Amino acid sequence: MEKIALIVAGGSGTRMGGQVPKQFLPIEGQPILMRTLMVFHGYDSKIKLILVLPQSDFDYWHTLCQAHNFTISHTLVEGGASRFQSVKNGLQAIHGDSGLVAIHDGVRPFVSKEVINKGFEEAEHSGSAIPVVSLKDSLRKIGEDGNSFYQERHLFRLVQTPQTFQLSKIKKAFEREEQPSFTDDATVYENQGWQVNLIPGNPENIKITTPEDLLYAEFLVKKR
């Protein structure tokens, strides 16, 4: 089945505290977003890459690609007002309903090729594949009265991307109106009454959001 990677990078990076959106910030001299695209291209050079960006960032992205001699083929799609709308725009840019699509955060450049591959394998077999990792810290739930309650952490998982789906199913799921409960693509898929299937993620697959994340990213690159 055809493999597609839909990379979503519409964030403004306000928590990073700078003028440049976080997806364009460099790690060891190379923009985060380029590193993310390179991981998927390195996994399979024939994979179809779709990059969703705000229209206002198109020119800046083209300038970065020229400056870094970045020539990996990809299709640019205009993002929407929310992540849901951005993913929907990206899915609508894919012709037909046949194939598998991995929907990934543009600021997660450290996903492993093993996780990408397992996602495609599981989605082809069962319809969906959501990478997760176990919690290391203790977990407490805060009630409306401010009191907290112990939670058994082995019952919870942290969710990552890429979240991979059979294209026909996820396109159908995104036909409905956006809801506040749609926190990721898995919740949109699940809203159809379909069970999501979990696969092991990789701990290094962090979402770079804060300056501390950027420092850790620099460490991971130097470690390799």
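**Loops, helix contacts and ring pairs**

Pro 162 lies in the loop between strand S10 (157-159) and strand S11 (163-166). The peptide bond that joins Thr 161 to Pro 162 is cis, with omega about 10°.

Before going on, the ground rules. This is a predicted model, in which local features need pLDDT of at least 70 and side-chain atom pairs count only at pLDDT 80 or more, while totals for chains, interfaces and linings use all residues. Residues are numbered from 1 along each chain as its sequence is written, and side-chain values use heavy atoms, with hydrogens and water left out.

Glu 28 is not a glycine, yet its phi is positive, near 50°. Its place is the loop between strand S2 (26-27) and strand S3 (30-31). Glu 28 is partly exposed, at 44% relative accessible area. On that scale, buried is under 20% relative accessible area, exposed is over 50%, and partly exposed is in between, with a 1.4 Å probe and protein chains only. Asn 69 also has a positive phi, about 50°, without being a glycine. Asn 69 sits in the loop between H2 and strand S5 (75-78), and with 62% relative accessibility it counts as exposed.

Next, helix packing. How do helix H1 and helix H2 cross? The axes of H1 (residues 32-43) and H2 (residues 58-67) come within 11 Å and cross at roughly 70°. An axis is a line fitted to C-alpha atoms, for helices over the stretch in contact, and angles run from 0 to 180 degrees between N-to-C directions. H1 and H2 are therefore roughly perpendicular to each other. The classes are roughly parallel for angles under 35 degrees, roughly antiparallel over 145, roughly perpendicular from 65 to 115, and oblique for the rest. Leu 33, Met 34 and Leu 37 make the contact from the H1 side, and Trp 61, Leu 64 and Cys 65 from the H2 side. Contact means heavy atoms within 4.5 Å. By class, the contact residues are six nonpolar, no polar and no charged. Nonpolar covers Ala, Val, Leu, Ile, Met, Phe, Trp, Tyr, Cys and Pro; charged covers Asp, Glu, Lys and Arg; the others, Gly among them, are polar.

Now the rings. Rings of Phe, Tyr and Trp (its six-membered ring) pair if their centres lie within 6.5 Å; planes under 30 degrees apart are stacked, over 60 edge-to-face, and the rest tilted. How many aromatic pairs does this rule give? The count is nine. One of them is Tyr 43 with Phe 120: the ring centres are 5.9 Å apart and the planes at 15°, so the pair is stacked. Tyr 43 belongs to H1 and Phe 120 to helix H4 (residues 113-126), so this pair ties together parts that are 77 residues apart in sequence. Tyr 43 counts as buried at 17% relative accessibility, and Phe 120 is buried at 2%.

Tyr 216 and Phe 219 form a stacked pair, with 6.0 Å between centres and 20° between planes. Both residues lie in helix H7 (residues 211-223), three residues apart, about one turn of the helix. Tyr 216 is partly exposed at 36% relative accessible area, and Phe 219 is partly exposed at 45%. Ring pairs also link Phe 24, Tyr 60, Trp 61 and Phe 70 into a cluster.

Arg 83 is in helix H3 (residues 83-92) and is partly exposed at 27% relative accessible area. Leaving out residues up to four places away in sequence, Arg 83 touches Val 8, Ile 103, Asp 105, Thr 161 and Asp 185. Gly 90 is also found in H3, and at 0% relative accessibility Gly 90 counts as buried. With neighbours within four places set aside, Gly 90 contacts Leu 6, Ile 50, Val 52 and Val 77.

Is Phe 110 buried or exposed? At 3% relative accessibility, Phe 110 is buried. The residue is in the loop between strand S6 (100-105) and H4. Beyond four places in sequence, its contacts include Ile 27, Asn 202, Leu 220 and Arg 224.

Methods. Helix = DSSP H or I, 4+ residues; strand = E, 2+ residues; numbered from the N terminus.
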